[in-house]
Amino acid sequence: EPFVADEYIERLAWRTPGGGSRGGEAFDPKRLLEEFVNHIQELQVMDERIQRKVEKLEQQCQKEAKEFAKKVQELQKSNQVAFQHFQELDEHISYVATKVCHLGDQLEGVNTPRQRAVEAQKLMKYFNEFLDGELKSDVFTNSEKIKEAADIIQKLHLIAQELPFDSLMDFCCYPLSSPGKYHDLECQLIQEFTSAQRRGEISRMREVAAVLLHFKGYSHCVDVYIKQCQEGAFLRNDVFEDAAILCQRVNKQVGEVFSNPETVLAKLIQNIFEVKLQTYVKDQLEEQRKSDAEQYLKNLYDLYTRTTNLSSKLMEFNLGTDKQTFLSKLIKSIFISYLENYIEVEIGYLKSRSAMILQRYYDSKNHQKRSIGTGGIQDLKERIRQRTNLPLGPSIDTHGETFLSQEVVVNLLQETKQAFERCHRLSDPSDLPKNAFRIFSMLVEFLCTEHIDYALETGLAGIPSSDSKNANLYFLDVVHQANTIFHLFDKQFNDHLMPLISSSPKLSECLQKKKDIIEQMEVKLDMGIDTLNCMIGQMKHILAAEQKKTDFKPEDENNVLIQYTNACVKVCGYVRKQVEKIRNSMDGKNVDTVLMELGVRFHRLIYEHLQQYSYSCMGGMLAICDVAEYRKCAKDFKIALVLQLFDTLHALCNLLVVAPDNLKQVCSGEQLANLDKNILHSFVQLRVDYRSARLARHFS
């Protein structure tokens, strides 16, 4: 541990008797001093002893350092001597190597012509055997030496090919230039390769393939290999999986057999595509092409998808430099005749299928579609501009049927979704946006025009006139279902169409078409505002039937037991139902817009209704109670303007009961101060006591 002088002194004093207050001993400075002096002397003695030891060790270290330095110098001298010897040895080795290389060159210069001469002599010997017409050499008669024979025949064949035809005839060696022996040997090699492949002898296959590499029949050898590889490979129903397994197996083997494995594997894949797959695709599609468009399109999509998936698996193999282009051409060669007119088949099927779905639905409803207006948006706006409070035409009784079906919509959207998926897979990239737009146009025609638009037109025609009694307002149900359906349509537009056209000029065209559809539907929904007239008409009927003149001018002023009139109860119940129905049928700002319009009309109806009666004091109180109930009903609208109107109407009703002396004060109140004086006067005139001189004088 590190030496700390203060702690050392403390411990020394602590151990010394009388050096501290331990155990009640008195402090003895002399004794402590004596102990310190003795301890200092001991330390001095110890220091002298240690110092002598240090000096001795230093002397010994210096001695050993000198001896080590001397030893290092001797080793350096020895190393220099050894390095010189190594340099001399290296020079000598270099000299010998130069001599050996020179001698090797000389030997090679002598040996190469000699080897050529020996080979030429052997070839001349074999040449003579061909001239004699009798092959005696062991290399030609021993089947195990077919490799050497092939090498000799190849060389003699090349020599014979260089000689003129006349010279060959003169030397009687025409057989060498003819396909005879060359072809026979080639056939033997291919047969040997075939046998080795059947036996699974990879090394023998590699040897024979190396020999055949220099023969013209090498490509035939590859063909034989490819043919035998496919024997028994396609026994299951899934030809694509079989092809993938076969290529995986051959890919491991072909590198061990051939010197150009990527070429052989590419040729195998080409053979599979052009023979097996093309035949399979043709068998699957040709019969359905003319008879069953739905199954034809499904099979085409499935086969094309499985083929491209197989191509993706094959991309991991070494097929040469541009394997992507190679595989794409193979796929195109199989499907080009089917893809050329794909979109026409798709559009034709989608059109007939959509028409069938709609017709089947209308048949189930025993409904015969009637012709509807086909004008554009401007025509619809003109119809609105010319609209009056009279109905647009003869009302049609739909018996509560909206002629909108979730099942029909789901079927149409499902068919279109599948069409978009097929279009994405089967269309050429340059034609994809155009084809997707055509499919979208089919969806617009059958879903938006033939189904939703037709239902809106039928709903509009079914709106009863405002003076109809017990009218059923089914148009709001049509609005509700049309709104739900259009959300589904919009979702498919974003999820399936947008990815196909997002980077093409067709995007703006599709967005404009969608915008036109929305605007056209909104215009027709706006035309359905006649539904509000019907609601107001129903309220009028309720008030006319239920409200009595004696309600607000009872015969017995002191015996009124009701809180509000029966007409008020029924009108409020009816209004609440319609408000809830509107909220369920619409969404967004449309809800507030329609409720505001209904609320304003509701207020006008009640205002005009109250103007028809005279009010006694108790009748005025009952009118105030009715308006208070109407105001509660107005709160359900959640529209500030509507609530404000009924608040003002409630304040006006106070004029029916207020004392004549307080009329001016009430009229100058916050809610009535800004109203026209004629309006205030019209309400005061409804009082039964209005003609009294006192009341007229106070209000003048």
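Ile-518 is partly exposed, with a relative accessible area of 26%; the class covers values between buried (under 20%) and exposed (over 50%), taken with a 1.4 Å probe on protein chains only. Ile-518 sits in helix 19. Its C-alpha atom is separated by 9.5 Å from that of Cys-448, 70 residues apart along the chain. The model is predicted: local features need pLDDT of at least 70, side-chain atom pairs count only at pLDDT 80 or more, and totals for chains, interfaces and linings use all residues. Residues are numbered from 1 along each chain as its sequence is written, and side-chain values use heavy atoms, with hydrogens and water left out.

The chain holds 27 helices and zero strands. Both are DSSP runs numbered from the N terminus, helices being H or I of at least four residues and strands E of at least two. Of the 700 residues, 38% count as buried. Contacts, defined as heavy atoms within 4.5 Å, were also sorted by separation along the chain. Among those with a separation of 6 or more, 76% come from residues 24 or more positions apart.

Two packed helices are described by the angle between their axes and the distance between the axes. Here the axes are lines fitted to C-alpha atoms over the stretch in contact, and angles run from 0 to 180 degrees between N-to-C directions. The axes of helix 17 (residues 432–461) and helix 19 (residues 506–527) come within 11 Å and cross at roughly 0°. Helix 17 is therefore roughly parallel to helix 19. Angles under 35 degrees count as roughly parallel, over 145 as roughly antiparallel, 65 to 115 as roughly perpendicular and the rest as oblique. Residues making the contact include Phe-437, Val-444, Cys-448 and Ile-452 of helix 17 and Cys-510, Ile-517, Met-521 and Leu-525 of helix 19. Charged residues also take part, among them Lys-434 and Asp-453 of helix 17 and Glu-509 and Lys-513 of helix 19. By class, this contact has 13 nonpolar, two polar and seven charged residues. Ala, Val, Leu, Ile, Met, Phe, Trp, Tyr, Cys and Pro count as nonpolar, Asp, Glu, Lys and Arg as charged, and the others, Gly among them, as polar.

Helix 24 and helix 26 (residues 677–684) pack at about 50°, with their axes 9 Å apart. That angle makes helix 24 oblique to helix 26. Leu-649, Leu-652 and Cys-653 of helix 24 meet Ile-679, Leu-680 and Phe-683 of helix 26. This contact has six nonpolar, no polar and no charged residues.

Helix 22 (residues 589–610) has 22 residues and should span 32 Å at 1.5 Å a residue; its end C-alpha atoms are 32 Å apart, which agrees. The expected span is 1.5 Å times one less than the number of residues. Buried residues of helix 22 include Val-591, Leu-598, Arg-601, His-603 and His-609.

Most residues other than glycine have a negative phi. Asn-366 has a positive phi, near 55°. It lies in the loop between helix 14 (342–364) and helix 15 (377–385), and is exposed at 75% relative accessible area. Lys-638 has a positive phi near 60°. Its place is the loop between helix 23 (617–635) and helix 24 (640–653). Lys-638 is exposed too, with a relative accessible area of 69%.

With a disulfide taken as a pair of cysteine sulfur atoms within 2.5 Å, the count is zero. For Cys-247, the nearest cysteine sulfur is that of Cys-229, 9.7 Å away. Cys-247 is buried at 1% relative accessibility. Cys-534 is likewise buried, at 1%.
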